[in-house]
Amino acid sequence: MFKILKYSFFDLTRSRWAYIYTAFFFLFTVSLLWLSGGMSKVVISLMNVILVLVPLIATMFGVMYYYNSREFTELLLAQPIRRTTIFFGQYLGLALSLSISLLLGVGLPFVLYGIFGSPEVWNFMMLLIVGVFLSFIFSAIAFFIALRNENHIKGFGLAILVWLFFAVIYDGLFLLALSLFSDYPLEQFAIGASMFNPIDLSRVLILLKLDISALMGFTGAVIQKFLGTALGMAVSLTVLSVWVILPAWGIRRVANHKDF
Amino acid sequence: MITIENLHKSFGRQEVLRGISMAFDRPGIYAILGPNGSGKTTLIKSILGMALPEKGRIEFQGQNIRGRWDYRRKIDYLPQIARFPDNLRVRELLAMIQDIRGEKPQALGRLIELFSLAPFLDKSLGKLSGGTRQKVNLVQAFMYDSPVLILDEPTNGLDPVALLRLKALLREEKDKGKLLLITTHIMSFVEEMADELVFLLEGHIHFRGTLDSLKEQYKETNLERAIARILEGEVGFSTNGHGKEAARIVLQRK
């Protein structure tokens, strides 16, 4: 698997899009750091961008990469290796190259600005960890969708729909549910519901770390109240890992039964 | 070397292979022919384990291939479409395949020379022309000395010089006692190279035998005409109309 991963990674990190993605985060972070006052404000602004943009880009790249390497994958399938080796290698190469773009783009400006001497360093680390998790989760979901759909348009459409659902629609439905059932105790429902959305979960995780109750929203506050900060973070991180494993398991399942 | 028994494969409602049984047990060049959609590529992909048949079995050197992958060490494959990762260099692609197979290629240097690829080794694959990519494809397919070679449309996009060299290479491999399965639409290539033909039509084997026996059976002096006769159903086979349509497609491609 490492062999496939290595070459996928080489291929992807040299692509124009990887440079653009890194450059965007770099410029964005630099301008935020220079324009706004404290680091914690920058972390919050960046959080909002990362939570929406990282899943979107990972989704698009995942689908695009799978469809683009379709013919090459056939050559790999004719080699003496297992199918899962090929697809996990490609997926990990993709998720890793996206993560490195993010780490370089966001990380470099902070390091230059002197993050390591600042008390914000762990908040910043949490932001990066969440960004990496989201890259792994959404590229796995996109890979899974692309594997299941031979039709490119359908695959793209579905993947974008999934992103839209988690990034936008889910919150709307959640709020709607909260207001419709406001007469009932909703704490457990809220905790449960946020576990089903990796983007929400990431937001809660960062805000727990930042410990800013004003921004936490209902779920964040409930999780903090019921689970406490430390346990809340541990639970969120575990559930995020499950969010990586589930689609990866799906990739394995589809890959083993698919006709190429 | 390869035995196929009662192979069935459909995609959705479309039955592509309907009970194919045959054996390739002697070395030589076998041309797999048939109109578009007749199941040539599906047959090849089933042998390689890419398409998973719902019925029947395929044995490679006496072992059922179902669920196995190590037998592919003994097969070299040339895919129909030569598309590789755009940002890898030619050298890296060849290194990748060596890495995956975990063995040193026997003929790499000679093949690079044969297809004049030396000036392209450090170029990105995305920047190569279609013909040059096909040469890279040929190099990766021929660089090992496996007993079986499966080539899907090997002549695609080759210039006349490269085509001559490919033919010489194929003869050489055959003389080494290898089994070569080739799909193609170029009838002159078949007439020149193939020892035996397998003609697929609507998921069945419609004809299998030597060129001469085909010409004799259809009383034609030339392969193209003999095949047109099969497809037009003039000799009593496949008169359901579908054959005629297929014949039109095949002839148009000429």
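This is a predicted model: local features need pLDDT of at least 70, side-chain atom pairs count only at pLDDT 80 or more; totals for chains, interfaces and linings use all residues.

Guide: Ile2(B) stands opposite Phe60(B) in β4(B).

Two of the partners can be named. Lys9(B) is bridged to Leu17(B) in β2(B), and Phe11(B) has Gln14(B) of β2(B) as its bridge partner. β1(B) and β2(B) make a hairpin with two residues between the strands, and there Gly12(B) takes a positive phi near 65°.

These strands belong to an open sheet of four, with the order β2-β1-β4-β5 in chain B and antiparallel pairing. Its edges are β2 (14-24) and β5 (63-64) of chain B, each of which pairs on one side only. Helix α1 of chain B, residues 40-47, lies across β1, β2 and β4 of chain B and runs at about 120° to β1(B).

Chain B has a further sheet to look at. Six strands form an open sheet in the order β6-β7-β8-β3-β9-β10 of chain B, with mixed pairing. The edge strands here are β6 (75-78) and β10 (204-209) of chain B, and each pairs on one side only. Neighbouring strands of this six-stranded sheet are turned against each other by 15° on average, direction ignored. Helix α5 of chain B, residues 160-175, packs on this sheet and touches β3, β7 (148-152) and β8 of chain B; its direction makes about 145° with that of β8(B).

β3 (residues 28-33) and β8 (residues 179-183) of chain B pair in the parallel sense over five bridges, and Ile32(B) has Thr183(B) in β8(B) as its bridge partner. By contrast, β9 (residues 196-201) of chain B and β10(B) pair in the antiparallel sense, over five bridges. In that pairing Phe199(B) is bridged to Phe207(B) of β10(B). β9(B) and β10(B) form a hairpin with two residues between them, and Glu202(B) in the turn has a positive phi of about 50°.

Now to the meeting of the chains. Side chains of opposite charge can pair when their charged atoms come close. Between chain A and chain B the count is five salt bridges, and the interface also holds 17 residue pairs in polar contact, both residues at pLDDT 80 or more. On the side of chain A that touches chain B, the elements giving two or more residues are α1 (2-13), α4 (70-77) and α10 (213-257) of chain A. By class, that side has 11 nonpolar, five polar and 10 charged residues.

In residues, the contact takes 26 from chain A and 31 from chain B. The size of an interface is often given as the accessible area lost when the parts come together. Here the area buried between chain A and chain B is about 2,800 Å², and carbon and sulfur atoms give 58% of it. Tyr7(A), Phe72(A) and Pro80(A) supply 24% of the area that chain A buries against chain B, more than any other three residues.

The side chains of Glu74(A) and Arg70(A) meet at 3.2 Å, N to O. Both residues lie in α4 of chain A, four residues apart, about one turn of the helix. Over all chains, a search of the whole structure finds 31 salt bridges.

Conventions:
Residues are numbered from 1 along each chain as its sequence is written. Chains are lettered from A and ligands numbered from 1 in the order in which they are written. Side-chain values use heavy atoms; hydrogens and water are left out. Two strands pair if DSSP finds at least two bridges between them. Axes are lines fitted to C-alpha atoms, for helices over the stretch in contact, and angles run from 0 to 180 degrees between N-to-C directions. Contact means heavy atoms within 4.5 Å. Buried area is the accessible area (1.4 Å probe) that two parts lose on being put together, summed over both. A salt bridge is a side-chain nitrogen of Lys or Arg within 4 Å of a carboxyl oxygen of Asp or Glu. A polar contact is a pair of N or O atoms within 3.5 Å; within protein, one must be able to donate a hydrogen and the other to accept it, and residues adjacent in sequence count only if both atoms are side-chain atoms. Ala, Val, Leu, Ile, Met, Phe, Trp, Tyr, Cys and Pro count as nonpolar, Asp, Glu, Lys and Arg as charged, and the others, Gly among them, as polar.
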